[in-house]
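Colleague: I would like to learn to read a model like this one, feature by feature. Can we take it in steps?

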Number of protein chains: 2
Amino acid sequence: MSIKDLGEFPLIALLTAELEKGPGVLLGPGDDAAMVQSPASGATLLTCDVSVEGVHFLPSADPFDIGYKLMTANISDIAAMGGTPLYALITLVLPAATKVSWVDLLYNGIRSCAREYGVSVVGGDVSGGSSIVVSATLMGSVDPNRALMRSAAKPGDVVMVSGKLGAAQVGLEIHSGKVSASGPLAQAALCRHLRPVPRLDLAQSLADAGCRSANDISDGLASEAWEIAEASGVAICIDASLMPVHPSVSLVAGNSESALAYALYSGEEYELVFTIPPSVLEACGDVLEGCVRIGTVLAGRGAYLLSDGVTRPLGRGHVHFADGDATPDKE
Amino acid sequence: MSIKDLGEFPLIALLTAELEKGPGVLLGPGDDAAMVQSPASGATLLTCDVSVEGVHFLPSADPFDIGYKLMTANISDIAAMGGTPLYALITLVLPAATKVSWVDLLYNGIRSCAREYGVSVVGGDVSGGSSIVVSATLMGSVDPNRALMRSAAKPGDVVMVSGKLGAAQVGLEIHSGKVSASGPLAQAALCRHLRPVPRLDLAQSLADAGCRSANDISDGLASEAWEIAEASGVAICIDASLMPVHPSVSLVAGNSESALAYALYSGEEYELVFTIPPSVLEACGDVLEGCVRIGTVLAGRGAYLLSDGVTRPLGRGHVHFADGDATPDKE
C-alpha cells in the first residue's frame, strides 16, 4: 500500500501511535507544538541533520538504516557538545507512491535509535515531494560551563581521537558494491557504516574530566580538524605516523598513503576528535582508553599534516554541491 | 553565481554572517549544536514546518516570501500554544545549480520575519538534492499551566475565530494567475497570502484571560475544528450563518455557498480558532476585538456544520499525498 492510498492523517496516526511518552514530555505529537520540560542544567542544545535520497542514501537503502543513522548523526552532535540528547522532531518529505511499509521501517529505525539513547520523538511534519528527504532536529541539555566547544582549543593542547578511523568509508564501499569483501574485517566495516555508535558516554566523561574542545567526525577527521583550528584561531598539526587506521582499511587501500587518506577523509565515523591540555590529560586515566594522541595544537592558523618530516596544509575532503545535483557522495 | 560555484562552506558563511546573536543565545551557528539559555517558564515548545518546491511553492515564487512564510508558519504554531517563539534552526536542501542570490533572498525573508517576532536563528544544515526543500524548527517557551491545547475544549464552550477567513486562498489564486483581480480587495487578499500575520499577541492575551484551547488555521478552519473535536473528545458545531467571510472572497465566489467553502477550507490563514467557556468570555473584554463567535462545543464526537437548519458532518479539506507526486496543492 502506498501512502497515497493510506492518506496523510492515517499515516501520521500510524507513525505516532508507537511513540513512547518519555520522561519530561508534557505533550507529544498531535498539537500545534510539542511541550517538554525545560532542562534544569541551564542550557539547551539544538541541532539538526538532513538525509536526502540520492545524496545521503541510495533509493535501494534499507529504510531502517536510514532512520537509525539519521538519529545517530544528531545524537553524535549533542554528544560532541558534552550534552545529553532529550527530544526529537522528524520532518518527512515523501513522494505519494512511497510504500507505507517503507515509512514504517524508517520510523522503526528512528524509534530504535531514539530508545537506545533515551530520546523521545515528540513531533514533526510531513509533506509530499518529488524525492525523499528525512530530517531530524534534536534538543538536548548541557551545563554551559562544561560544554565541549570547537572554539576552545588552545596552543599546547594535545589532539586526540577516540577510535580507529576509515571503517565507515570502507563499509560504504562494500555496502554499495564498489568493493567486494567478506570476513570479520568486512563485517566490522559494514557495521561501522550501518550502525555507527555516537560516543555519548565518552564525551560526557571528557567534559567531566575537564576537556573543553571536541568535534564529532561526521565529515572526516581532516574537515573537523580544520573546523576546530578555524573556530579556535589556532593551528592544528596532525602527525601522519600517529593516525589510528582501522584494520578494515587494508581491504581497500593498496599502500600506506591510501590507507592514511581513508583515515583522514572517511565521513560518518562519529568518533570524537578533541583537544586537551597535557595537565588534564594526566588526570583522565581510564576515560581515555581507546583514545589515541594524533597531534598538537600550536599558535598559528589552519590544519596541517606532518608526514615524513614534511608539514603541509591538510586537504578538507568532501563538500556538498561540488559534485553536481544529487550525486551520491557519501553513500 | 550558483551555489556549486560558491561551495558549501562559503555558502554557510554567507548565510550565518548576518545572523544577530539575540538574547539567550550562548552559542550560535558553527559548532556541533547551538546552545541557548533554557526557558525559565518551565516548559519548552518545539515545532517544525517544511516547505517543498512544487508542493508549497512554485519554482517561480519569490524566495523572500518563501522564507518569510516558513517562519510565519512556525511562529503561528508557537502562538497557538500560547507561547513565546525564541530560537530557530533552518534546513536547506538545494540543487547545485541554485543561484546564490536565490538563497540569499530566502534567508533575508527568514531573518526579516525572525527579527520581527524576536526569534534568533541559531543553526541548521544544508545538503544537495534534486529539488528545493526548506524546513525550520522553532523552539519557544510557555508556562505549562496556561498553554493552549487542542485537547482542552469542553462541552458548553463557545467556538470563536480571530478574523475574517478565505483571503489566503483568494490571494493564492490571484498570485498564481488562476484569477485576475485588482483593487483594494485583491491587494488585501494578496497581502494575506504573502505576508500572513501570526496572532502571537492575541494568543498570549487569550491565555492570560483563561482560554485553554486553540489551533492556528494552517490547514483550513474545517480541518482545525476536526482536530480540536478529536483531541478533546467533543463535538464541534459551526453555524454557517456566523462564519466571518473575508470581503475579498466576493472576487472569486459566485454565491454564498462558494463563499462559505472559501472561509471553511482556506489554509495558511494563520488566524486562531479557539474555544472558551462563557464565563471566561465575559471577562475577556477588549481582548476579543475582531474575534467572532462561530459555534458551540457539545457533548459527542466530530465536527459539524449547521446550515439552513440542517446539521451535517464537516468535510476536512486538503490532505497531503492525495493529489499525486509533487502536485502544487496550496500554491
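Modeller: Start with domains. Domain bounds come from an automatic or database domain assignment. Keep in mind that this is a predicted model.

Colleague: Which domains does the assignment give for chain A?

Modeller: Chain A is assigned domain 1 (3–146) and domain 2 (158–313). Over C-alpha atoms, the centres of domain 1 of chain A and domain 2 of chain A are 27 Å apart.

Colleague: How many residues of domain 1 of chain A are in contact with domain 2 of chain A?

Modeller: There are 13 from domain 1 of chain A, and they meet 15 residues of domain 2 of chain A. The side of domain 1 that touches domain 2 is made of 6 nonpolar, 3 polar and 4 charged residues.

Colleague: Now the chains. How many residues of chain A are in contact with chain B?

Modeller: In chain A, 70 residues are in contact with 70 residues of chain B. Strand E3 (residues 43–52) of chain A gives the most to chain A's side, with 9 residues. By class, that side of chain A has 38 nonpolar, 22 polar and 10 charged residues.

Colleague: In which sense do E3(A) and strand E2 (residues 34–37) of chain B pair?

Modeller: Antiparallel, over 4 bridges. For a place to look, take A:Leu45: its bridge partner in E2(B) is B:Met35.

Colleague: Next, helix packing. What describes two packed helices?

Modeller: Two values: the angle between their axes and the distance between the axes. Here, helix H3 (residues 63–79) of chain A packs on helix H4 (residues 100–116) of chain A at about 35°, with axes 7 Å apart. The crossing of H3(A) and H4(A) is right-handed. Among the residues that meet are A:Phe64, A:Ile66 and A:Leu70 in H3(A), and A:Trp102, A:Leu105 and A:Ile110 in H4(A). The contact of H3(A) with H4(A) divides into 13 nonpolar, 5 polar and 1 charged.

Colleague: Is A:Tyr270 buried or exposed? And B:Asp308, buried or exposed?

Modeller: Count neighbours. The cut-off for buried is 20 or more other C-beta atoms within 10 Å, and for exposed 12 or fewer. A:Tyr270 has 24, so A:Tyr270 is buried. B:Asp308 has 6, so B:Asp308 is exposed.

Colleague: How many bridges join strand E7 (residues 158–161) of chain A to E10(A)?

Modeller: 4, and the two strands run antiparallel. There, A:Val158 has A:Ile276 as its bridge partner. Strand E8 (residues 213–216) of chain A is also joined to E10(A) by 4 bridges, antiparallel. In that pairing, A:Ser213 stands opposite A:Thr275.

Colleague: Last one. In helix H9 (residues 256–265) of chain B, which residues are buried?

Modeller: B:Leu260, B:Tyr262, B:Ala263, B:Leu264 and B:Tyr265. The buried residues of H9(B) pack against helix H5 (167–175) and helix H8 (221–232) of chain B.

Note on methods:
Residues are numbered from 1 along each chain as its sequence is written. Chains are lettered from A and ligands numbered from 1 in the order in which they are written. This is a predicted model: local features need pLDDT of at least 70, side-chain atom pairs count only at pLDDT 80 or more; totals for chains, interfaces and linings use all residues. Two residues are in contact if their C-beta atoms, placed from the backbone, lie within 7 Å. Ala, Val, Leu, Ile, Met, Phe, Trp, Tyr, Cys and Pro count as nonpolar, Asp, Glu, Lys and Arg as charged, and the others, Gly among them, as polar. Two strands pair if DSSP finds at least two bridges between them. Axes are lines fitted to C-alpha atoms, for helices over the stretch in contact, and angles run from 0 to 180 degrees between N-to-C directions. A crossing is left-handed if the near helix is turned anticlockwise from the far one by less than a right angle, and right-handed if clockwise.
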